[in-house]
Structures are given as structure tokens and as C-alpha cells.
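Let's walk through this structure together, from its overall make-up to a few individual residues. Please keep the sequence and the 3D view open as you read.

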Amino acid sequence: MRKLSLVLGFVSILGSLNSVQAAEGQFYIAPGLQWMDFDGNRGLENDTGPILGLGYDFTDRTSFELSTFDLDPSVNGGGEIDLDHYKLDMFYDLNDNDGRVTPFVVGGLGNTDFNGENSTMIDVGAGLKVGLSGNVEWRTAIRAFNYLGGDDDRDVGIDSSLIFYFGRESRPAPRPTPEPEPAPAAPAPDSDRDGVPDSRDECPDTPMNYAVDDVGCPIPVEEVARVELDVLFEFDRDVVRPQYLPEIEEVAEFMEQYPDVVVELEGHTDSMGTNEYNQDLSQRRANAVRQSLIDDFDVQGSRITATGYGEEQPVATNDTAAGRQENRRVITVIIKTLQRYRPR
């Protein structure tokens with residue numbers, strides 16, 4: 001009953017102080033167990049009993065705590081004695097308590113009632129605190145107890161307590177030091193200012209009023225005319241012969257008259273050779289006519305696309321020389337483009 005009364009008494013003291021703790025600092029209660037190894041001169045056996053502390057954090061590292069513990073050690077030869085301790089301790093944390101484990105040192109002054117005889121007690125020690133949550137810690141310390149004015153007895157004790165803080169908020173995790181943001185990269189060159197960098201712009205001179213696709217070429221909307229170019233090629237050749245320049249010029253003049261159109265050139269071959277070879281040959285033929293429009297008639301390259309179709313779209317039989325000649329051709333498809341102003 002005596003030990004229970006001590007605990008209840010300290011809880012009532014805490015209740016009277018709790019109304020001011022928020023303004024003055026952080027109060028805590030520390031119930032636990034005390035184990036004592038008594039000086040051999042006392043003739044007492046080791047004993048364990050309850051301990052209760054009431055503390056106050058004055059700074060991030062310094063706390064003061066009023067505590068008591070009650071032991072009933074057995075006397076060698078039989079019987080028990082009543083041993084009550086009351087003390088005021090100062091705790092000093094050896095780091096800033098931002099981590100989970102905090103070492104500390106402790107020292108204090110108090111009184112011990114040894115079976116009715118009182119003497120002054122000094123204790124010093126060290127220990128560790130372990131954070132369990134935002135307002136709960138576990139503390140263990142080992143201490144030496146010296147008694148003044150008596151037989152200069154010295155005891156050793158180990159105490160272990162749970163510390164419950166009142167009003168403490170969980171400490172936020174330390175914020176990582178932000179890395180400096182990299183300087184913004186210089187914009188990639190865009191000569192025709194169509195929003196597509198030169199490194200992937202396949203139509204580098206697109207007029208400013210054309211909408212473009214992701215490779216910088218005008219976006220076709222609808223086919224408005226299909227013009228047959230009688231640009232025929234010699235067998236296995238991709239060179240535009242001079243007699244076909246007048247027909248190519250007619251396409252150039254049409255494009256000059258209607259600046260809102262682009263053209264698509266389709267290259268074709270006969271069936272002689274492999275599919276792979278004919279595909280490449282038809283592309284080279286379409287490119288040759290495109291280059292003639294650019295070099296000979298000053299048409300903007302961004303308005304001309306060239307696609308090879310190999311031997312897939314014959315217009316005559318490939319069983320005769322005349323039919324194969326007709327299939328070695330380039331035709332022109334005229335397409336209207338989307339005209340839309342692009343803010344610069």
C-alpha cells in the first residue's frame with residue numbers, strides 16, 4: 001500500500017502542474033523500476049522496487065526531475081527494512097536528441113530514509129534514452145549513490161523508466177538539404193521557328209503560317225488534285241532526263257499560284273529486281289524529282305514530300321518492255337494544307 005500511495009501522490013502533483021506546462025515547457029512523468037546493489041557493509045540483499053519521477057524539460061538537452069523509489073530489502077540473517085529515497089536530479093543529453101538513441105549523464109541530491117534514519121544522498125550516473133514515439137521514451141541509467149554524514153556507504157543502482165511527455169508534438173524528420181536546381185537548358189535551335197528543333201526538323205524552311213507535325217513538315221488536310229507527271233526513267237536509273245523538265249515546271253508554277261498547297265511525289269518501278277532494291281530505287285526517283293523542283297524552279301523544300309512505293313502499284317503490265325517503261329515513273333499528288341497562324 002505504501003508504494004501505491006507514492007505513485008498516486010506523484011500523479012496528483014502532475015495533475016496540478018499540467019495546467020501550466022504548455023506555457024513553461026514540457027512536463028513528463030517517468031514510472032519504472034529501480035534495482036539496487038547495496039554496499040556489503042549494510043548486510044542487505046539486492047532488491048528491486050517501483051520508481052516514479054516527475055520531470056520538466058528546461059532546454060532541448062537539460063531536464064530536472066523529482067523522483068522517489070521505495071525498497072524493502074531483506075537483511076542478511078532474516079527480516080526486512082523499509083528504505084525510501086527522495087531526490088532531485090539533473091539530466092543532460094550528450095547530443096541534440098534528433099536521433100532515436102540519446103546518451104546522457106545525470107547527477108542529483110536527495111534524502112534517504114533508512115528504516116527511520118535520514119541521511120543526505122548524492123547520485124551520479126549515465127545512460128541512454130530511446131525514442132519510441134513522439135511523446136514516449138524509454139530511459140535506462142546506472143548510478144552510484146553516496147550517503148553523507150553516516151558510514152560513507154556506497155550503493156550501485158540501475159533504473160529503467162518509460163517517459164511520458166505531456167504536450168509534446170512529434171518531432172518532424174530533419175528536412176534534407178535541397179539540391180540546387182539545374183540551370184535551364186538553352187533552347188534548341190529552331191531556324192524556321194515552327195516549334196520543332198533543327199536537329200529533327202525534316203522540313204527546315206516551313207512557312208510561318210503552316211501548322212506542322214512532330215518532324216516540322218506541313219500537315220496535309222485533303223487531296224485536291226492528282227497530277228500525272230510523265231517523268232519516266234531509264235532501266236535501273238534515277239536521273240531526271242531534260243525532256244521532262246517542262247512538266248516539272250508546270251507543277252512548280254501551280255504551286256507558285258497556290259501557296260497554300262503542298263505536293264507529294266510518288267516514285268515507282270517495274271518488277272525487275274528484288275522488292276527491297278525496287279523500294280530503294282523508287283525512293284531515289286521521287287527524291288530526284290523533288291530536288292529538281294527545289295534546284296531548278298526554287299520551290300520550298302518544306303512543301304514537297306517524296307515517297308517510294310517500289311513495284312507495288314504498276315499502271316501497265318510488267319510482261320512487256322513498253323509496260324515496264326510506263327511503270328518506271330513518278331507522279332504528283334497535290335494536297336491542300338491546314339493554314340493556321342502559329343504564334344512566334
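A nonpolar core is a set of buried Ala, Val, Leu, Ile, Met, Phe, Trp, Tyr and Cys residues joined through side-chain atoms within 4.5 Å. Buried here means under 20% relative accessible area, exposed means over 50%, and partly exposed covers what lies in between (1.4 Å probe, protein chains only). This is a predicted model, in which local features need pLDDT of at least 70 and side-chain atom pairs count only at pLDDT 80 or more, while totals for chains, interfaces and linings use all residues. Residues are numbered from 1 along each chain as its sequence is written, and side-chain values use heavy atoms, with hydrogens and water left out.

With those terms in hand, we can turn to the core itself. The largest nonpolar core has 22 residues, and those touching the most other members are Val231, Val240, Leu265, Val289, Leu293 and Ile304. Two or more residues each come from strand S9 (220-232), H2, strand S10 (261-267), helix H3 (275-297), strand S11 (304-308) and strand S12 (329-337). Helices (H or I, at least four residues) and strands (E, at least two) are DSSP runs, numbered from the N terminus. A second, separate core has 11 residues, including Ile51, Ile81, Phe145 and Tyr147.

Now look at helix H2, which takes in residues 245-257. Its 13 residues reach 18 Å from the first C-alpha to the last, close to the 18 Å expected at 1.5 Å a residue; the expected span is 1.5 Å times one less than the number of residues. Which residues of H2 are buried? They are Ile248, Val251, Ala252 and Met255. These residues lie on the same side of H2 because they cover an arc of only 100° around the axis, the arc being that of the directions from the helix axis to the C-beta atoms. An α-helix has 3.6 residues a turn, so residues three or four places apart point the same way. On the face of H2 turned away from its buried side you will find the exposed residues Glu250, Glu256 and Gln257.

Next comes the barrel. Eight strands close it in the order S1-S2-S3-S4-S5-S6-S7-S8, with antiparallel pairing; two strands pair if DSSP finds at least two bridges between them. The twist averages 25° from one strand to the next, using axes that are lines fitted to C-alpha atoms, for helices over the stretch in contact, and angles that run from 0 to 180 degrees between N-to-C directions. As one example, S6 (residues 117-131) and S7 (residues 136-148) pair in the antiparallel sense over 12 bridges. Within this part, Met121 stands opposite Tyr147 in S7.

Some loop residues also deserve a look. Asp236, in the loop between S9 and H2, has a phi near 60°, a positive value in a residue other than glycine. Asp298, in the loop between H3 and S11, likewise has a positive phi of about 60° although it is not a glycine. Asp236 counts as partly exposed at 37% relative accessibility, whereas Asp298 counts as exposed at 69%.

Finally, step back to the whole protein. The secondary structure comes to four helices and 12 strands, and 40% of the 344 residues count as buried.
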